[in-house]
Each structure stands twice: as C-alpha cells, then as structure tokens.
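These are my notes from looking through one structure.

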Amino acid sequence: MSFPTSPDLRPAVSAPPTPTSRLVLGMRVDATTYADATAQIVAWAQVGEARYVCASNVHMVMETSDSAEFRDVVNGADLVTPDGMPLVWALKALGTAQAERVYGPTLMLHVCEAAAREGVPIALYGGTPESLEAFAQFLRTEYPGIELACMIAPPFRPPTPEEDALYTQQIVDSEARIVFVGIGCPKQERWMAAHTGRLDAVLLGMGAAFDFHSGRVKQAPAAMQKLGLEWLFRLIMEPRRLWKRYAKHNPRFVGKFALQLLGQKVIDQGRTARKG
C-alpha cells in the first residue's frame with residue numbers, strides 16, 4: 001500500500017542494503033545497525049509504505065517457539081532487530097560476526113530525531129494518557145519541531161471492534177507516517193500485523209519505551225545491558241510481574257539454542273565429510 005508523498009515531506013532518504021538474517025529457534029533476526037534501521041524506516045515512511053518492525057529479545061523468541069501463529073507474525077515483519085544481547089550473541093554464534101544490538105527504546109530515539117529532521121509526522125499508540133503526555137513532553141524538549149500527529153491510549157483489555165475501528169481511523173486521519181506501538185509483547189506484534197494493511201505508515205513495536213523515556217520506569221544501567229543482564233535489573237524492579245516470564249523463558253532459551261548450535265555443527269561436519 002502506498003500513496004504520493006505529502007508535499008510537506010522532504011524527498012525520501014536512501015534505503016540501506018538488505019541486512020543479513022539468521023533463524024534463532026525458527027524466528028528471523030536481522031543483523032542491522034541503528035543507522036541502517038533508522039534510514040530504512042524513514043525511507044519507508046516518506047513514501048507512505050505500510051510496514052512493521054519488531055524489536056526482538058529472548059521473550060519474543062520463546063513466544064514464537066511456543067506458537068507457530070506468532071512465529072509467522074514476527075517472521076512476517078519487514079525488520080526484526082536484535083533488541084537484547086542474547087540475540088546478538090546468537091547471531092554471532094550463527095556466523096554473523098558483525099552483529100550488534102539494536103535496542104528498541106534507543107532505536108526509537110534515533111527514529112524520532114530523523115523524523116523531526118525530515119518532517120515525518122509520528123503517532124503514539126499505547127500506555128496511559130498520563131504516560132503519553134509525559135513522553136510527548138520529553139519528545140518536544142529533545143526534538144524541537146517533531147510533529148506528534150496522534151496519541152492514543154487504548155484500554156488495557158482488548159478493544160471492541162468499534163473502538164479498534166475508531167482508533168485506526170484516528171491514525172489514518174492524523175496522516176502519521178510512523179506509529180510507535182507500546183502495548184507489550186506479543187500483543188503489539190499481533191496488532192501491527194493486523195493493522196499494517198490498514199495504515200499507510202511504518203509501525204514499530206516498542207514495548208515499555210514510552211515509560212522508559214518519560215522517566216516513569218527505570219532502565220538498566222549500561223553495564224548491565226552490555227552483559228545481557230537487563231532482564232535481572234527488570235526482575236529486581238518488578239519481581240511480582242516478571243518472575244514467571246523469566247523463569248519460564250530464559251532457561252529454555254539457553255537449552256534450545258544450545259541444541260540448535262549442536263545440530264548445526266553436526267550438519268556442517270557432515271557437509272565437510274562429504275566434500276572430503
């Protein structure tokens with residue numbers, strides 16, 4: 001789905017090369033960078049293409065491992081960034097030496113900066129009215145001139161068909177070309193897949209980024225993030241909400257990915273033997 005570029009938007013920026021991809025437990029992960037991902041998102045937005053982007057971590061990988069339907073949702077995305085360090089390590093273990101982290105909340109800031117510079121209107125979908133207003137104030141302060149075309153705080157229950165149609169039309173009427181979706185995994189990925197054909201915009205699943213940047217929720221220190229221990233920091237901050245998720249997913253990810261690597265090693269050895 002596409003349409004002529006609005007007259008107030010600048011000419012489209014050049015799109016970067018297609019990133020190298022690998023399957024981690026059957027889920028595609030793209031080895032991209034902040035610069036390349038931002039350039040691609042803005043290029044899509046400037047010509048009004050309907051796309052969606054997932055920022056993947058261990059939680060998302062294991063959700064796709066448990067559900068073929070959800071795996072299709074994520075693998076159908078136009079870009080899947082390695083949001084967590086375990087995914088970066090997995091890419092490197094699978095032969096993508098140049099892999100680096102592209103953390104969703106940080107990618108969001110890169111995209112907002114580019115959107116403000118290029119005159120691309122954005123929308124926010126998720127959170128509460130209070131958190132959206134706090135985040136909007138942050139964006140206006142950090143990126144003067146950014147165009148916040150629409151802000152929607154949907155109910156925490158599934159919206160009714162009538163509510164969903166209303167919210168969708170509000171985004172359409174706002175002419176936002178980038179929509180940040182912050183309703184949590186796996187809801188936001190399913191929402192993006194269901195709405196990408198109804199919106200002339202790039203949809204980005206951002207999880208808790210609204211609350212991180214507005215200061216309502218603390219982010220892990222940079223050192224913990226580099227060590228892949230962000231999950232531990234979040235567990236300490238919200239133990240009652242998150243302990244079941246991490247207890248269920250983290251050990252299974254380690255075990256299943258070890259089996260994937262072992263299987264790949266056996267396949268590679270077999271190929272080498274046949275060539276010899």
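I searched the whole structure, a predicted model, for disulfides and found zero. I then looked up Cys 150, which is in no disulfide. The nearest cysteine sulfur to that of Cys 150 belongs to Cys 112 and is 14 Å away. Cys 150 counts as buried, at 10% relative accessibility.

I looked up Cys 185 next. What keeps the sulfur of Cys 185 from a bond with the closest cysteine sulfur? The partner would be Cys 54, and the separation of 8.3 Å is too far for a bond, because a disulfide needs the two sulfur atoms within 2.5 Å.

Aromatic rings. I noted five aromatic pairs in the structure. One of them is Tyr 125 with Tyr 167, with centres 6.3 Å apart and 70° between the planes. I recorded this pair as edge-to-face.

I then took Phe 135 and Phe 210. Their ring centres are 5.3 Å apart and their planes are at 20°, so I put the pair down as stacked. Phe 135 belongs to helix α6 (residues 129-142) and Phe 210 to helix α9 (residues 209-214), so the pair ties together parts 75 residues apart in sequence.

In a separate check for charges over rings, I saw Arg 101 over the face of Tyr 103, at 4.1 Å from the ring centre.

Helix α5. I looked up α5, which covers residues 104-118 and has 15 residues. From first C-alpha to last, α5 reaches 21 Å, close to the 21 Å expected at 1.5 Å a residue. I listed its buried residues, among them Leu 107, Met 108, Val 111, Cys 112, Ala 114 and Ala 115. Residues three or four places apart in an α-helix point the same way, because there are 3.6 residues a turn. After α5 comes Gly 119, with a positive phi near 75°.

Technical notes
Residues numbered from 1 in each chain as written. Predicted model: local features only at pLDDT ≥ 70, side-chain atom pairs only at ≥ 80, totals over all residues. Heavy atoms only, no water. Buried < 20%, exposed > 50% of the residue type's maximum accessible area, 1.4 Å probe, protein only. Phe/Tyr/Trp six-rings, centres within 6.5 Å; stacked < 30°, edge-to-face > 60°. Helix = DSSP H or I, 4+ residues; strand = E, 2+ residues; numbered from the N terminus. Lys NZ or Arg CZ within 6 Å of the ring centre and 35° of its normal. Expected span 1.5 Å × (residues − 1).
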